[in-house]
Amino acid sequence: SQNKQLTHEDFDKWNRINSSKISADGNFILYELAPGQGDGSLHITKNTGKKIADIPRGTNASFTWDSKYVVFHIKPQYDSVIALRRMKTEKDKLPKDTLGIYNLETNELEKIARV
């Protein structure tokens, strides 16, 4: 039998790892899984491989110097932004990013909207 040829839709479904980082104390790892098109997610794990958090649409993450917090952006949903752009919405009326602060000691997520 003949194998199926890969198309652009197949590549859009694949995830790639972006922005992998290790905390200063070496106890935590973070990375972004980004599809070819659409919303990605931010993953935070311990160095043992135990998953701590999966944050949808999290990007541009960094650990603080003391490895107690992860600070990152939460992008608006890709589909809603595309729909608003097709309706020719003004830039200042498009949804803004949210600032996310994840406490690694208490496993709590704080969100600050419209950053």
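Helices (H or I, at least four residues) and strands (E, at least two) are DSSP runs, numbered from the N terminus.

**Figure 1. Order of elements in the predicted model.** The structure shown is a predicted model. From the N terminus, the elements follow the order α-β-β-β-β-β-β-α-β-β.

**Figure 2. Residues of the largest nonpolar core.** This core has 13 residues. Those that touch the most other members are Leu 30, Ile 44, Ile 55, Val 70, Phe 72, Tyr 102 and Leu 104. At least two core residues come from each of β2 (28-35), β3 (41-46), β4 (51-56), β5 (58-63) and β6 (69-74). The most is given by β6, with 3 residues. In soluble globular proteins, nonpolar side chains tend to be buried together.

**Figure 3. Surroundings of Ile 55.** Leaving aside residues up to four places away in sequence, Ile 55 touches Ser 41, Leu 42, Ile 44, Phe 72 and Ile 74. Among these partners, Ile 44 and Phe 72 are, like Ile 55, core residues that touch the most other members.

**Figure 4. Extent and packing of the chain.** The C-alpha trace spans about 50 × 45 × 15 Å along its principal axes. The radius of gyration is 17 Å, whereas a compact globule of 115 residues would have one near 13 Å. Of the 115 residues, 28% count as buried. Among contacts with a separation of 6 or more, 32% join residues 24 or more positions apart.

**Figure 5. Surface and charges of the chain.** The chain carries 18 positive and 15 negative charges, whose mean positions lie 4 Å apart.

Terms used
Residues are numbered from 1 along each chain as its sequence is written. This is a predicted model: local features need pLDDT of at least 70, side-chain atom pairs count only at pLDDT 80 or more; totals for chains, interfaces and linings use all residues. Side-chain values use heavy atoms; hydrogens and water are left out. A nonpolar core is a set of buried Ala, Val, Leu, Ile, Met, Phe, Trp, Tyr and Cys residues joined through side-chain atoms within 4.5 Å. Buried means under 20% relative accessible area, exposed over 50%, partly exposed in between (1.4 Å probe, protein chains only). Contact means heavy atoms within 4.5 Å. The radius of gyration is taken over C-alpha atoms; the globule rule is 2.2 Å times the number of residues to the power 0.38. Lys and Arg count as positive and Asp and Glu as negative; His and the chain ends are not counted. The place of a charge is taken as NZ of Lys, CZ of Arg, CG of Asp or CD of Glu.
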